[in-house]
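Student: I would like to go through this model and ask what each label rests on.
Tutor: Go ahead, and each label will be set against its definition.

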Amino acid sequence: MPTYFSTADFLGSLAGCIRDIFTRPTEFFRQMPKATSYKEAVILLILMLAVPILLGILLTGGLSLHVMPVMLLVAIPFALAAAWLWAWYLSWAVRKFAGGQLSTMDAFQLYAYSNIPSLFSWIPLVNVVMGFWSIYLEWKGLTAYAGVSSGKALLIIFVPLIVLLVSGAVLAILLGVYLSQQPSPPVERLF
């Protein structure tokens, strides 16, 4: 049976769930218990966000030490709020488009476990692979845990990402058009 994160056995369960999510993700999500609270998933997600930040600070020789409080006090709460919104969306999308049942709490737990690869996001180039692995794990969680078909799971994950990319591109184009229509500031004489 796969190991799931528990604060009762902090290090042992953390090491076990990291091992199991990488070695047997289908079995991991298929046997994942229903969430009874947000506590374990929130702590796991905070770890997956804080460890790369701290390692990044250490790797810069402490040069970015002044940024750490900002990153930990601003970025992590923002990331947790964004994770909850994504979990709410996943729960809604599974009910609306796949006819399944996935509570927001279970979706948040699924999201937290699928973000375990972000633990290695401090390693250059590996972070790109781990980003794709996280998306794969989220897809695997939707198919194995929530019982969503492969195609619907892909749509549930990628449609919002495509909408964000397209809207960001449109915003960048509009900003470029706006800035190109502004009069240039007068050139000051150098002498």
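**Labels and their cut-offs**

Student: Which residues is Lys140 in contact with, leaving aside its neighbours within four places in sequence?
Tutor: Lys140 is in contact with Pro25, Thr26, Phe29 and Tyr145, where contact means heavy atoms within 4.5 Å. The model is predicted: local features need pLDDT of at least 70, side-chain atom pairs count only at pLDDT 80 or more, and totals for chains, interfaces and linings use all residues. Residues are numbered from 1 along each chain as its sequence is written, and side-chain values use heavy atoms, with hydrogens and water left out.

Student: What makes Lys140 a residue with no salt bridge?
Tutor: A salt bridge needs a side-chain nitrogen of Lys or Arg within 4 Å of a carboxyl oxygen of Asp or Glu. For Lys140 the nearest side chain of opposite charge, Glu27, is 12 Å away.

Student: What makes Asp20 and Arg24 a salt bridge?
Tutor: Their closest N and O atoms are 3.3 Å apart, which meets the salt-bridge cut-off. Arg24 also meets Glu27 in a salt bridge, at 3.2 Å from N to O. Glu27 is partly exposed, with a relative accessible area of 27%.

Student: How many salt bridges does the structure hold, and how far apart are the closest N and O atoms of Asp106 and Lys34?
Tutor: The structure holds four salt bridges. In the one between Asp106 and Lys34, the closest N and O atoms are 2.7 Å apart. This pair links distant parts of the chain: Asp106 is in helix α5 (residues 104-114), Lys34 is in the loop between α2 (25-30) and α3 (39-59), and the two are 72 residues apart. Salt bridges that share partners also join Arg19, Asp20, Arg24 and Glu27 into one network.

Student: Are Asp106 and Lys34 buried or exposed?
Tutor: Asp106 is buried, with a relative accessible area of 1%. Lys34, at 58%, counts as exposed.

Student: Why is α5 called largely enclosed by the rest of the structure?
Tutor: Because 10 of its 11 residues are buried. Among them are Asp106, Phe108, Leu110, Tyr111 and Tyr113. Over the chain, buried residues make up 36% of the 191 residues.

Student: How does the radius of gyration of the chain compare with that of a compact globule?
Tutor: The radius is taken over C-alpha atoms, and the globule rule is 2.2 Å times the number of residues to the power 0.38. A compact globule of 191 residues would have a value near 16 Å, but the chain has 20 Å. The C-alpha trace spans about 75 × 45 × 30 Å along its principal axes.

Conventions
Buried < 20%, exposed > 50% of the residue type's maximum accessible area, 1.4 Å probe, protein only. Lys, Arg positive; Asp, Glu negative; His and termini not counted. Helix = DSSP H or I, 4+ residues; strand = E, 2+ residues; numbered from the N terminus.
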